[in-house]
Amino acid sequence: MHISLTGHESDDRLTPEERLKAREDFFRLMSHEIRTPLNGVMGMLSLLTRTPLSPDQASYIQTARESGDHLLTLVNDLLDYARIDAGRIELETSEVHLEPLLQGVAELLSPRAHGNGIEVVWSLDPRLDYIHADEGRLRQILFNLAGNAIKFTTKGGVLIHVGLSDSGLIRFSVRDTGPGIPEEARVRIFEEYGQVEASHATRYGGAGLGLVVVKKLVEVMQGTLTLDSEVGKGSLFTVEFRAPYGLRHQPVHELYPHAVNFVSDNSVLIEGATCHLAAGDCRLRPAARLDECLDAQGIILADRAMFIEGPVAAPSPKSLILLAPEQRDEIAAWREKGWAGYLIKPLRRSSVLERVEALHDQADTKPASPHSDDERIASECAPDKAVLLVEDNPVNALLAQILLQREGCRVERAASGEEALDILKVRQFDIIFMDLGLPGIDGLGAVREIRSMGIRTPVIALTANAYEEDRRASLNAGMNDFLTKPIELVALKNRLQTWTGEQRQAKSA
């Protein structure tokens, strides 16, 4: 069944500008005051999970982390809803490259998905490269839709896709293999505090506002939001809107093989891999077992989930095993069994095509060429990098310092903007992490001073304020990137790799 959920009704309940501003300031304060201690709680619980624990202790900590995740979801939904309901939302259009957007969303959600025993997968129409839209709002829509889908899906997975409609509209969709949504609940879930069932509020956490936020954002974008669902088979949420877009250069076809064998029984994983390979004009041949591969000497990609017994002998010298980040310790065992290498889930299109191209060029008798490790499974993603951490809150400073040191960084801390400026006059760093809410000179003022001194070191904003306006203000002041508290380890690794590793690129501040 298909149901349209968006309209463009005018809101006659607008309050005076002064009341809106006071309300916005209050929720900004609440965002900071709630998320700051929550960052410390969630971060320390995460660190505890990496220490020796008894089964009972591990269970208690997992329960505490789940409760913290529910609280964070509730805080985010309430703050987003309050601001949007007050009419305090603006769109800022820029060139949005779709591959890194989708990759970032999927990888941040992957720990939650793998914790549920499912896959989160992204795919992109091979024709599309970029669109002109509000990147922050698009990311928020995808996080809310995909995060909600992961919450209710216990087998299979969630597929995030971006493509073009037949009429040339940009289409963002999130499809899951969850329980589906009964017909009588399909409108209710887009209403304030609506749930499919009343028990879901306590069972899964949240206030039932995430989808309301999505609906209101889509209305501001003058787009449409639709839901298709079948009980027992899953749901499909689709957002369509008009935006200028750019097409990618077509690949040189001889770089890739005609077809690649793919061993998996996960339909979502297969669909995502099919789309990735299509970007190289390469076809995927699905197989339920290794012995079903049509070309035993050809390239074979196999999902680790298919091998309950553990590492098995490679079916061909051109075989790659697909692993979750937490399965990194198995890499050596698979190599010993003759596998040429690995790919980390969620699959990256660039990595898939790079590995397939390398194996395609490789002679059958030639050993596999070594490739650099995916930073998602590297024990240290920024070894020996000098980091200046500017953070006044002692708990959050300790947490950030420990996380950075675990990635191999040498960390020096400053507790204020003034102290940071004094240190930078005599020392150089590879990267700076800057809290925005500093005493004295705040983070924005400090980075302006840093840039006026001619220092071009990458600066990453740290803030408990999750508003898009804060991200934009940080970039406009001279920051290179933005990291929201509570700090996600995946996001931290990504920033370190992007701004201190080989992936570093010149980005506009």
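In which sense, left-handed or right-handed, does helix H3 pass helix H4? The crossing is right-handed. This is a predicted model.

Start with that pair. H3 covers residues 98-115, and H4 covers residues 135-152. They pack at an angle of about 30°, and their axes lie 10 Å apart. Angles under 35 degrees count as roughly parallel. That makes H3 roughly parallel to H4. On the H3 side, the contact is made by Leu101, Leu102, Val105, Leu108, Leu109, Arg112 and Ala113. H4 answers with Glu135, Leu138, Arg139, Leu142, Phe143, Ala146, Gly147 and Ile150. Of the residues in this contact, 11 are nonpolar, one is polar and three are charged.

H4 has another partner. Helix H6, residues 210-220, packs with H4 at an angle of about 145°, with the axes 9 Å apart. Here the crossing is left-handed. H4 contributes Arg137, Gln140, Ile141, Asn144, Leu145 and Asn148. From H6 come Gly210, Leu211, Val213, Val214, Leu217 and Val218. This contact holds seven nonpolar residues, four polar and one charged.

Now turn to helix H14, residues 489-500. How far apart are its end C-alpha atoms? They are 16 Å apart, which agrees with the 16 Å that its 12 residues should span at 1.5 Å a residue. Nine of those 12 residues are buried, so H14 is largely enclosed by the rest of the structure. Among the buried ones are Leu492, Leu496 and Trp499, along with Lys493 and Arg495. What do the buried residues of H14 pack against? H3 is one of the neighbours. Helix H10 and strands S17, S18 and S19 are also packed against.

How values were computed. Residues numbered from 1 in each chain as written. Predicted model: local features only at pLDDT ≥ 70, side-chain atom pairs only at ≥ 80, totals over all residues. Heavy atoms only, no water. Axes fitted to C-alpha atoms, helices over the stretch in contact; angles between N-to-C directions. Helix = DSSP H or I, 4+ residues; strand = E, 2+ residues; numbered from the N terminus. Parallel < 35°, antiparallel > 145°, perpendicular 65-115°, else oblique. Left-handed = near helix turned anticlockwise from the far one by under 90°. Contact = heavy atoms within 4.5 Å. Nonpolar A, V, L, I, M, F, W, Y, C, P; charged D, E, K, R; others polar. Expected span 1.5 Å × (residues − 1). Buried < 20%, exposed > 50% of the residue type's maximum accessible area, 1.4 Å probe, protein only.
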